[in-house]
Amino acid sequence: MSNSDFEPRIVAFLCNWCTYTGADLAGTSRIQYPPNVRIIRLMCSGAVDPVYVLKALLDGADGVLIGGCHPGDCHYQTGNYKARRRVAILKETLRQMGLEEDRLWLRWISASEGQRFADTITEMTAALKAMGPNPMRREWAV
Amino acid sequence: MQTTIAVENSDALAALRGFLKSLLEKGAVDALMVPLRARGGAVMPALVSDPALLDEADPLPPVLAINGARLVGALSIRPPRGRIGAVLRACEIRALIELVKLQQASLEDLLIIGLDCAGTYTQTDYAKMIQAAPEAEHWRKLYADPLAERPLRDACRMCERPLPENANIVVQLLEADLDVGIPVTLPDELGERLGLTPGASARRGEVAEKLIADRTATRDAVFAEIRQQLSSPEGLAELFATCIRCHNCMVNCPICYCKTCLFRTPAFDHEPAQYMTWAMRKGATRLPSDTLLFHLTRLNHMSTSCVGCGMCTDACPSEIPVGRVFRAVGEKTQAIFEYVPGRSVEEPLPVTTFREEELAEVAIP
């Protein structure tokens, strides 16, 4: 597949209170963004077990986005801070194991930032197109 | 208090046993967890209440069958518990400290007797050694010349923390002249209770320093080798190519304690149609499935707490160097938080805490 007709698949784990609502706002505001994202709603970015991310990446998702409330705004006070530590460990683990850590994005997007959500998906889709497909999608020995 | 346990007739083992017996006889503890010689020469940890049975104690078998931290956890997790003394090596104490922070063990009423560690052999190698020479004091040879090149366990060869940290009693075997006396550091109150008198202090000397330097060099060479392998695109799959997903590494890891672990559930008993989907998409799909997911998940969950005991490597029937990977990755994940596993019970586990201002680069605005 040439990169020009490659459409990346993004699995997005979004927190219920901020980023998911922000995505909703993008929709109700009729903001256009690429249809490359599959959204999974969780109650908090702190509820994203790293195994979800790893499963998606090893199964061939081209990118994983974790969306949470801005620091200080977590509905559960500290979930996003904990998510940030987990993502730091996860990215380092991926890097050490020779996997592409840049396929994993963590972004803070509030409920009022519909435009920012759309911009993030646009930006991520472009970045993943530049990276090309996740080699794990075709790797039989996973 | 610094003191020296006197050794008579060059019998250092008897001197150590005598010291342990005095802990029981003088009521310092109710029971001692210490390796005992079982029938056939094997050595396994036991909880000993009868001082007479300490005649079978082998506090320093040059073998690590199991990381004792898990066992101390079982003995200490909740009251009522006895006052226990636990004879542990440095890596076992580090694992214990991690387990305390994971709320799987308690230091309450626990007396940690830490031994300088000159390294251990695998169970299989040690079994052959005692079969060949049942009477030989194999442990003593290790301490007589701890710097000699030996086929020790992989984890021991690269262990740069052989001296006990966070022990109540430290038995300084690396400084000992085993024919004469064994230097011991212990709390004053306990020393008085045991009727010991303070002696000359045994300073950490050249042997320990040289041992740590040697092992650090080995460790760095191992890290370089593992990282070199992982830097190639095929490296990761190659490294775990022979994994049969038996979970032995997880079961034997002293830190990996979760009773509700996802990998102990039927989550990976996929529907037949799922395997077919993978096979169709990729042309083939590895069986058993999800082996890389298993190792990556464990690395991600546990590498910040990895104490480098290497039980995972010993437990692997496919001889995958699991412990090397954990240590190499752990060095990097621990560095993010300047966390050192087993250093202090006061230091929170990296994933249980946070700072408001940190890791800005992880979530670029």
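**Close-ups of a predicted two-chain model**

Helix 1 of chain A and helix 4 of chain A sit roughly perpendicular to each other, a label that covers angles of 65 to 115 degrees (under 35 is roughly parallel, over 145 roughly antiparallel, and the rest oblique). This is a predicted model, where local features need pLDDT of at least 70 and side-chain atom pairs count only at pLDDT 80 or more, while totals for chains, interfaces and linings use all residues. Residues are numbered from 1 along each chain as its sequence is written, with chains lettered from A and ligands numbered from 1 in the order in which they are written.

**View 1. Helix 1 against helix 4 in chain A.** The axes of helix 1 (residues 19-28) and helix 4 (residues 114-131) of chain A come within 7 Å and cross at roughly 90°. Axes here are lines fitted to C-alpha atoms over the stretch in contact, with angles running from 0 to 180 degrees between N-to-C directions. Helices (H or I, at least four residues) and strands (E, at least two) are DSSP runs, numbered from the N terminus. Helix 1 of chain A brings Thr19(A), Gly22(A), Ala23(A), Leu25(A) and Ala26(A) to the contact, and helix 4 of chain A brings Gly114(A), Arg116(A), Phe117(A) and Ala118(A). Being in contact means C-beta atoms, placed from the backbone, within 7 Å.

**View 2. Where chain A meets chain B.** The contact takes 31 residues from chain A and 33 residues from chain B. On the chain A side, helix 2 (50-58), helix 3 (79-96) and strand 4 (104-108) each supply at least two residues. Helix 3 of chain A gives the largest share, 13 residues. The chain A side divides into 17 nonpolar, 4 polar and 10 charged residues. For these classes, Ala, Val, Leu, Ile, Met, Phe, Trp, Tyr, Cys and Pro are nonpolar, Asp, Glu, Lys and Arg are charged, and the others, Gly among them, are polar.

**View 3. Helix 2 against helix 3 in chain B.** Helix 2 (residues 68-76) and helix 3 (residues 90-101) of chain B pack at about 45°, with their axes 8 Å apart. That angle makes helix 2 of chain B oblique to helix 3 of chain B. From helix 2 of chain B come Gly68(B), Ala69(B), Val72(B) and Gly73(B); helix 3 of chain B answers with Glu92(B), Ala95(B), Leu96(B) and Leu99(B). By class, that contact has 5 nonpolar, 2 polar and 1 charged residues.

**View 4. Cis peptide bonds in chain B.** Most residues other than glycine have a negative phi, and most peptide bonds are trans. A cis bond joins Pro79(B) and Pro80(B), with omega about -5°. Pro80(B) is in the loop between helix 2 and strand 4 (84-89) of chain B. The bond from Leu287(B) to Pro288(B) is also cis, with omega near -10°, and Pro288(B) lies in the loop between helix 11 (272-282) and helix 12 (291-302) of chain B.

**View 5. His247(B) and Asn248(B).** His247(B) isn't a glycine, yet has a positive phi of about 70°. His247(B) is in the loop between helix 9 (235-239) and helix 10 of chain B, and counts as partly exposed because it has 16 C-beta neighbours inside 10 Å. The cut-offs are 20 or more other C-beta atoms within 10 Å for buried, 12 or fewer for exposed, and partly exposed in between, with C-beta atoms placed from the backbone. Asn248(B) is found in helix 10 (residues 248-252) of chain B. Not counting residues up to four places away in sequence, Asn248(B) touches Ala315(B), Cys316(B) and Pro317(B).

Technical notes: Two residues are in contact if their C-beta atoms, placed from the backbone, lie within 7 Å.
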